[in-house]
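Open the model in your viewer and keep the selection tool at hand.

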Amino acid sequence: MKHLFFNALLIGTIAIGMAVSAHASVFYNLTGSGFTSPTTGLIIDSTDDLFALVYTTVGSSPNTVTTFPTNIAYGNITLECVGPCTTLSDTFGAFAIVVDVNDTSDGGVGHFTGNSTGGSVSATSSTLSILWAPTSLGGGSTNLDSGTFGANTFTIISSTLIPAPNSNGGNIAFTGQVSSTATPEPPTLALLGLGLLGLGWRRAAKA
């Protein structure tokens with residue numbers, strides 16, 4: 001009877017410890033201010049208004065990641081012909097894009113900024129690229145705007161090449177990963193300690 005009691009104590013304690021371990025999901029929202037230079041908004045035109053860059057945020061509604069690391073898209077940009085531009089070319093000046101990351105699991109807020117020096121485009125070619133900085137948010141207070149990311153980390157690829165309109169419709173996504181290195185919380189460790197203590201009691205009783 002005594003052995004059954006200690007077995008139940010041990011199994012129950014370990015089960016509770018597993019149930020209250022650190023969260024196994026990361027919840028986040030993505031927003032963005034769009035182009036920040038030379039104009040503010042979601043669309044920016046080329047010098048002679050022959051082409052347009054259209055920015056959108058992918059996953060602006062709540063998102064959940066349950067396996068780590070998980071690839072995600074932070075947003076996308078599309079190079080479009082404003083009118084017939086089969087044989088025409090034009091240029092874009094320097095511009096920037098901001099993507100805001102709100103880790104609702106832990107209350108951390110940070111942002112990625114993409115900068116481009118501009119370049120020339122046509123229906124079949126593009127020299128536009130975006131460099132992102134920083135490329136990592138989280139893992140504590142790294143590149144934090146407010147709150148805390150806890151053990152969660154958001155990364156983005158360092159550069160994005162914008163394709164010509166005749167390549168994938170001129171669309172490209174900004175991609176990266178979400179990862180988490182969450183460890184058992186103090187209550188969990190305490191409960192696991194009780195489980196080990198129960199195991200010790202059981203062995204003592206058998207002796």
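**Stop 1: Asp103**

Select Asp103, which counts as buried because its relative accessibility is 0% (buried means under 20% relative accessible area, exposed over 50%, partly exposed in between, with a 1.4 Å probe and protein chains only). This is a predicted model, in which local features need pLDDT of at least 70 and side-chain atom pairs count only at pLDDT 80 or more, while totals for chains, interfaces and linings use all residues. Residues are numbered from 1 along each chain as its sequence is written, and side-chain values use heavy atoms, without hydrogens and water.

Asp103 sits in strand 7 (residues 95–103); helices (H or I, at least four residues) and strands (E, at least two) are DSSP runs numbered from the N terminus. Now show what touches Asp103, leaving aside neighbours within four places in sequence: Val26, Phe27, Tyr28, Gly108, Phe149, Asn152 and Phe154. Contact means heavy atoms within 4.5 Å.

**Stop 2: Tyr74 and Phe112**

Select these two rings, an edge-to-face aromatic pair with 5.1 Å centre to centre and 65 degrees between the planes. Rings of Phe, Tyr and Trp (its six-membered ring) pair if their centres lie within 6.5 Å; planes under 30 degrees apart are stacked, over 60 edge-to-face, the rest tilted. Tyr74 belongs to strand 5 (residues 70–81) and Phe112 to strand 8 (residues 108–116), so the pair ties together parts 38 residues apart in sequence. Tyr74 is buried at 0% relative accessibility, and Phe112 is buried at 0% too.

**Stop 3: the wider view**

Select Phe35, Tyr55, Phe95, Trp132 and Phe174, which form one aromatic cluster. Zoom out: the chain has two helices and 14 strands, and 34% of its 207 residues are buried.
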